[in-house]
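Here are some notes to read alongside the model, written as numbered points.

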Amino acid sequence: MDYQKTATDILNHVGGEKNIEHVTHCATRLRFNLKDDSKADTDSIKKIKGVLGTANSGGQYQIIIGSNVNNVHDELIKLGNFKTDTTDNSGNKKRGFSLILDTLSGIFTPILPAMIGCAMIKALLVILSVTSLISKESEIFTILTFISDSAYYFLPMLLAWSAAVKFKVNVGLAIALAGVLLHPTFSTLLSSEDAITFLGIPVTKATYGSSVIPIILAVWVMSYVEKFADKVSPNIIKTMLKPLLIILIMAPLTLITIGPLGAIIGNYVAEFVGFVNTNMGWLVSGIVGATFPFLIMTGMHYSLGPIAITAYTTTGLEPIVGPGMLIHSLAQGGAALAVALLTKDKQVKQIASSTSATAVLGVTEPALFGIALRFKKALIAIVIAGAVGGIYVGSFGVARSAMGITGLATLPAFITEDPYNLLHAVIGCAIGFLVAFVMVFILRFKDVDEEESQEKDEENDLVKIHQSLKNSVLTSPLKGDVVELNNVKDETFSSGVLGKGIAILPKEGRLFSPVKGKITTIFPTLHAIGITSEDGIEMLIHIGLDTVKLEGKYFKAKAKSGDQVNVGDLLIEFDIDGIKNEGYDLITPIIITNTNKYLDVLTTEKETIDTEEILLTIVSDQYMSERGKENE
């Protein structure tokens, strides 16, 4: 694999260096914060050698590479002078749940190696202790124990660093703030029976070692305090006054308010985890095992991180997420192996074989994006196997004693004081692998040669349609992004009550005629136009939603009702920026209002379109009757 070429091709197709605000990577994916996601050419990216797939979720544009992601990332960094400031000035800001997922991903991804490394030492200690190869009273056991605890006890400091990078605040000050929470003197005060006060204000007694939420909240608040300190500090003494103000404000605020609030939230999370594990453990593991492919695809698996870490740091065991993840890994491996045995395509066989091995070891994304999403029957098999195996391990209370990826390579993490925990984990692995493997054989799947044959038939059908329909093809009246009609935020259009069609989010404020025909009406407010083609296709083009309220402002007619028009004639000009600034959605539905006269309205598969390209194809009785005669 030529890492430099792969990185170069990726850089070109994500919109270039200027479109990248920030890029990082996890175990298998490049993770981009792009200024404008629409500039990423997803179809071209998927064709790049070394790319297994793409995903756009959790506020990030993600490109799945597999085990070589680190090498591709390094080459990408060499190619571009990327900004470390991830502020999105393009107007494409993340909001709501996407913002939460993006934040969690950005905070937890950089610290995972430290957590996994220490967790695996914990698993090793369990093995050495259970097998009596080492005494718990020995000095080496003691040293390895505090080494394995280091990343978790000082977790607030690791999170302070990654959160500071994510929230764009001074890293040193954030780590110092975590140090306040973990300082030995503060720990001594917590152990005393006397109340703690600061300037007469009581300080809640809460321990912050291994905590997650308090420091993340504190660094987030610090991002605003830092701006305030920067604003009020005179330039001549800013170097000294700014950090002084930040520490003087944030340290007491964190000890008195933010820390206790985070601790309370963390306690509720811990109680919730305990309740779920006690009452619904079998169901939760089944749900996690079945849905984990979709959680990975959407990036939502990061939302489970705080729950898993809270459970682990509270009890030393994690029974909520890990067992289901383990079954999912084996199910991915079993399904991929079955595909490798069944497929006749040499390239698919090679990919399926290699990704099966990596999946059972715990790295599932290559198998998920390279095989499961391509062969949907394999994905169904994985979901079934994940549910069956997950319910099994959940029913026996299987838990892991170390964090990190889950697979055969990390089975020692399931060695606990319960002698049967590992046994049930192994049985669960066998169930997940075998059920997925067998289900692929039962469900079967359409192989590559069958897909290609079907694609050729479909292409031939489209050619026949175009040949027989000639004037029943509509070109796009606008240049912009294509949007399915059911995604338009107006039920009148999205419900299809006015007819079938498509919508376009315009990039230019010019509307052209999509057909040769006659303008039946231009609304007085100029926001909508009705056209009838020469062969009787009636259409409505509605520029924006609720733009009738503008009463013609920002619109300029270039034609009038009753005019005869040809394909490509300019009909209406409109001011995109002006309409947007008024707060209106510019999504433009193109509706075939006499849809009931036709057998179907076929829409383009393009994501972006120009005015010279085919947008809609109207299927008439003539073509279908000819098709019926052929079938006879």
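Predicted model: local features only at pLDDT ≥ 70, side-chain atom pairs only at ≥ 80, totals over all residues.

1. S210 is buried, since its relative accessible area is 17% (buried means under 20% relative accessible area, exposed over 50%, partly exposed in between, with a 1.4 Å probe and protein chains only). You will find S210 in the loop between β6 (201-202) and α10. Helices (H or I, at least four residues) and strands (E, at least two) are DSSP runs, numbered from the N terminus.

2. Residues are numbered from 1 along each chain as its sequence is written, and side-chain values use heavy atoms, with hydrogens and water left out.

3. For the overall picture, the protein has 21 helices and 20 strands. Of its 632 residues, 48% count as buried. Among contacts with a separation of 6 or more, 74% come from residues 24 or more positions apart; contact here means heavy atoms within 4.5 Å.

4. Next, please look at helix α8 (residues 171-182) and helix α10 (residues 213-232), whose axes come within 10 Å and cross at roughly 135°. Axes are lines fitted to C-alpha atoms, for helices over the stretch in contact, and angles run from 0 to 180 degrees between N-to-C directions. The two helices, α8 and α10, are therefore oblique to each other (angles under 35 degrees count as roughly parallel, over 145 as roughly antiparallel, 65 to 115 as roughly perpendicular and the rest as oblique). Their crossing, α8 with α10, is right-handed; a crossing is left-handed if the near helix is turned anticlockwise from the far one by less than a right angle, and right-handed if clockwise.

5. Which residues of α8 and α10 meet? On the α8 side they are L173, A174, L177, A178 and L181, and on the α10 side I215, A218, V219, M222 and E226. By class, this contact of α8 with α10 has nine nonpolar residues, no polar ones and one charged. Ala, Val, Leu, Ile, Met, Phe, Trp, Tyr, Cys and Pro count as nonpolar, Asp, Glu, Lys and Arg as charged, and the others, Gly among them, as polar.

6. Two loop residues deserve a look at their backbone. K168 has a positive phi of about 60° although it is not a glycine, and sits in the loop between α7 (155-167) and α8. K168 is partly exposed, with a relative accessible area of 37%. L199, also not a glycine, has a positive phi of about 55°; its place is in the loop between β5 (197-198) and β6. L199 is exposed, at a relative accessible area of 76%.

7. Is S329 buried or exposed? S329 is buried, with a relative accessible area of 2%, and belongs to helix α13 (residues 322-342). Leaving aside residues up to four places away in sequence, S329 touches A359, V360, G362, T364, T406 and G407.

8. Helix α14 (residues 346-361) packs with helix α15 (residues 365-372) at an angle of about 150°, their axes 8 Å apart. These helices, α14 and α15, are therefore roughly antiparallel to each other. The crossing of α14 past α15 is left-handed. V348, I351, A352, T355, T358 and A359 of α14 make the contact with P366, A367 and I371 of α15. By class, the contact of α14 with α15 has seven nonpolar, two polar and no charged residues.

9. Turning to the strands, eight of them form an open sheet with antiparallel pairing, in the order β15-β11-β12-β13-β17-β9-β8-β19 (two strands pair if DSSP finds at least two bridges between them). At the edges are β15 (564-565) and β19 (608-609), each pairing on one side only. Within this order, β12 (residues 528-533) and β13 (residues 538-542) pair in the antiparallel sense over five bridges, and T532 has E538 of β13 as its bridge partner.

10. Finally, strand β20 (residues 614-619) is mostly covered, with five of its six residues buried. Strand β7 (residues 473-475) pairs with β20 in the antiparallel sense over three bridges, where T475 has I614 as its bridge partner. Strand β18 (residues 600-603) also pairs with β20 in the antiparallel sense, over four bridges, and L602 stands opposite T617 of β20.
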